[in-house]
Amino acid sequence: MTRQEIADAVARLLGTEVRRFDFINGGRNNRVGRVSSDGGEFAVKAYFRDPRDRRTRLRAEYSMLEFLWRCGVRCIPEPLAVDRDLDIAVYRFVEGERPVAEALDAADTGALAALLGTMWALRGEAGAGALDTASEACFSVADYVDVVTRRRQRVVSHLGEELDDTRARAFLDGPFFRVLAEARTNAEAAADDAAALPPDAWTLSPSD
C-alpha cells in the first residue's frame, strides 16, 4: 500500500483528518508509521501477509493487545481501530526511543519478565482460549526441538550471503549443534516427548 492509501485508511478508521504521516524505519515484515492528526498522535501498522500462513499477523497481534488492554495491562500500546481487509491496525502512539542491545539493562529485563509473568497469570481469563496461537508455538518437547532445528538450518543456509560466517559457523556447527543433538536424543528417549502440554500449562505469548 502507498503512504496515501494508508493515511486515508487511518483517517477513515479514526474519523479524523490526518495532518502528517511518516513511516518509521526498522520494520522488516511490517510497515509502521506515525500519524499526526486533530485527534492526537497515533501509530499505524500495515501487516505483512504470507500466503503460506493460514493465520494473519494482524489478527494474532491485535487480538492479544485488545485482550491485555481489557485485562488492565498498560505497558503496551492501546489498540484503537482495525481494518482486517487491508491488514491495518491503529494504536495510540507511545513516545520513546528505539531500544538497542547495548543500552538494555537489568531494569529492561525485569520489565519483560514482569510482562511475561502477567501474561502467565492471565492465561485463564475469559477470552484467552479464543486467541490465536503464536507463530512457531510449541506444545511439546519434540515440537520445540524441531523449531530450533529449522531455525538453525535457516541461519546456516544464509551464512556467507548475509552474515560474516566464520564465528557463526563455528558456533552453529560446534557447541550449538552438540547441545541441539543432545536435546533431540533426550527428547526421543522420553516416553512423552511428543505429548502435548495440557491447556492449563500453556501461556500467552507476546509473539505474533
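**Notes on a predicted model**

1. Let's start with Arg34: its relative accessibility is 27%, so Arg34 counts as partly exposed. In these notes, buried means under 20% relative accessible area, exposed means over 50%, and partly exposed is anything in between (worked out with a 1.4 Å probe, protein chains only).

2. A word on the ground rules. This is a predicted model, so to speak, where local features need pLDDT of at least 70 and side-chain atom pairs count only at pLDDT 80 or more, while totals for chains, interfaces and linings use all residues. Residues are numbered from 1 along each chain as its sequence is written, and side-chain values use heavy atoms, with hydrogens and water left out.

3. Back to Arg34, which forms a salt bridge with Glu41, their closest N and O atoms being 3.0 Å apart. A salt bridge here is a side-chain nitrogen of Lys or Arg within 4 Å of a carboxyl oxygen of Asp or Glu. Glu41 is partly exposed too, with a relative accessible area of 30%.

4. Arg34 also forms a salt bridge with Glu95, and here the closest N and O atoms are 2.7 Å apart. This pair links distant parts of the chain, 61 residues apart: Arg34 is in strand 2 (residues 31-37), and Glu95 is in the loop between strand 5 and helix 3. Helices (H or I, at least four residues) and strands (E, at least two) are DSSP runs, numbered from the N terminus. Glu95 has 57% relative accessibility, so Glu95 counts as exposed.

5. How many salt bridges does the structure hold? The count is 14. One of them joins the side chains of Arg154 and Glu136 (3.8 Å, N to O). Arg154 belongs to helix 4 (residues 141-158), while Glu136 sits in the loop between helix 3 and helix 4, 18 residues apart. Arg154 is partly exposed at 43%, and Glu136 is partly exposed at 32%. Elsewhere, salt bridges that share partners join Glu17, Arg19 and Asp38 into one network.

6. Stay in helix 4 for a moment and look at Thr149. Is Thr149 buried or exposed? Thr149 is buried, with a relative accessible area of 17%. Leaving aside neighbours within four places in sequence, Thr149 is in contact (heavy atoms within 4.5 Å) with Leu180 and Arg184.

7. Now the inside. In soluble globular proteins, nonpolar side chains tend to be buried together. A nonpolar core is a set of buried Ala, Val, Leu, Ile, Met, Phe, Trp, Tyr and Cys residues joined through side-chain atoms within 4.5 Å. The largest one has 17 residues, and Met64, Phe67, Leu68 and Leu204 have the most contacts inside it. Helix 2, strand 5 and helix 3 each supply at least two residues of this core, with the largest share, 6 residues, coming from helix 2. Apart from this core lies another, of 12 residues, among them Ile6, Phe21, Ala81 and Val90.

8. Zoom in on Met64: beyond its neighbours within four places in sequence, Met64 is in contact with Met119, Leu131, Leu204 and Ser205.

9. Which residues lie nearest the centre of the largest pocket? They are Lys45, Cys75, Pro77, Val94 and Pro99, out of 36 lining residues. A pocket is an open set of points on a 1 Å grid over the protein atoms alone, where a 1.4 Å probe fits, with protein on both sides within 12 Å along at least five of seven lines; lining residues have an atom within 4 Å of a point. Strand 3 (40-46), helix 2 (57-70), strand 5 (88-92) and helix 3 (106-121) each give two or more residues to the lining.
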